[in-house]
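Here is a short note for someone opening this entry without having seen it before. Please read the points with the structure in view.

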Amino acid sequence: MAVRNALASVCDEWKRSGAADDLQGSGELVMAEVLNNVVEHAQAGRPEGIVEVATHFDGVRLVCAVVDDGAPMPDLELPLGHIAPYSDHLDELPEGGFGWFLIRSMTQNLTYNRVEGWNQLHFDVCGTSD
Amino acid sequence: MLLEKQEFGGAQVITVSEARIDAAIAIQFKERVRELASNGPDRVVLNLSAVEFLDSSGLGALVAAMKQLAPDRRLELACPTETVRKVLRLTRMDTVFTIHEELDAAADGIKHAS
């Protein structure tokens, strides 16, 4: 629920700044995936963990930064988020692993740094054409 | 979580009245679909017209629900909104799911009722 609240706040901010609906939609999706990852993996089991989000619309894209004091990314690298081609067999379809794929599909300048016990993720959300 | 089922023209239409299928409710959603759909016609159409947001957890729940209902039942999606459509398209899950832009004429009464 904390993620939902955070998403509502950033969406309000983007709306106020005049970001187009489609861009806002992409932003909300990327931010949801990023924050879910932070909560589930970096902060797993740590209710006192800190997560901070900073974002603004620069007229073209949503410039975003998410920092948290949780566990580092494995090998200090971001997942590539590859999705293998889907099997014809229903029972072989994946039920997860879409998150980083979605993040990478809708962002540019995605960077990760680990600095003095903090994870720092920076990314720009760009519009997609439907 | 509000899911309502109606049977219409040989199919069961499950209308999802949640605005978001996301990490917060994905597991319950999957279970609820399975419970509701496990009796009734083979063809299960999920009416997503009220769902404004779907993240990867929500997508996973849709796939899991489809897999769980198989092989006896087939899960199809209807009335995707912009973000739902975007997620399905980007992940190419729109090649896996049968997606209806609108509910069938047979289910017309349901479409206008909510």
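This is a predicted model: local features need pLDDT of at least 70, side-chain atom pairs count only at pLDDT 80 or more; totals for chains, interfaces and linings use all residues.

The points below go from the contact between the chains to single residues.

1. Extent of the contact. Chain A brings 28 residues to the contact and chain B brings 27 residues. Between them the two chains bury about 2,400 Å², with 60% of that area on carbon and sulfur atoms. On the side of chain A, Arg4(A), Tyr86(A) and Glu95(A) together supply 25% of the area buried against chain B, more than any other three residues.

2. Pairs across the interface. The interface of chain A and chain B holds 4 salt bridges. One of the residues named above, Arg4(A), takes part in a salt bridge: its partner is Asp22(B), and the closest N and O atoms are 2.8 Å apart.

3. Make-up of the chain A side. Which elements of chain A give two or more residues to the side that touches chain B? They are α1 (2–16), α2 (21–42) and α3 (99–106). The largest share comes from α2(A), with 9 residues. Sorted by class, this side of chain A has 13 nonpolar, 7 polar and 8 charged residues.

4. Salt bridges overall. Over all chains, the whole structure has 15 salt bridges. Among them is the pair of Arg61(A) and Asp124(A), whose closest N and O atoms are 3.8 Å apart. This pair links distant parts of the chain, since its residues are 63 residues apart: Arg61(A) is in the loop between β1 (51–57) and β2 (62–68) of chain A, and Asp124(A) is in strand β4 (residues 118–125) of chain A.

5. Aromatic rings. How many aromatic pairs does the structure hold over all chains? The number is 0.

6. Backbone points to check. In chain B, the peptide bond from Ala70(B) to Pro71(B) is cis, with omega near 0°. Pro71(B) belongs to the loop between α2 (56–69) and β6 (74–78) of chain B. In chain A, Glu116(A) is not a glycine, yet it has a positive phi of about 45°. Glu116(A) is also in a loop, the one between β3 (107–115) and β4 of chain A.

Technical notes: Residues are numbered from 1 along each chain as its sequence is written. Chains are lettered from A and ligands numbered from 1 in the order in which they are written. Side-chain values use heavy atoms; hydrogens and water are left out. Contact means heavy atoms within 4.5 Å. Buried area is the accessible area (1.4 Å probe) that two parts lose on being put together, summed over both. A salt bridge is a side-chain nitrogen of Lys or Arg within 4 Å of a carboxyl oxygen of Asp or Glu. Helices (H or I, at least four residues) and strands (E, at least two) are DSSP runs, numbered from the N terminus. Ala, Val, Leu, Ile, Met, Phe, Trp, Tyr, Cys and Pro count as nonpolar, Asp, Glu, Lys and Arg as charged, and the others, Gly among them, as polar. Rings of Phe, Tyr and Trp (its six-membered ring) pair if their centres lie within 6.5 Å; planes under 30 degrees apart count as stacked, over 60 as edge-to-face and the rest as tilted.
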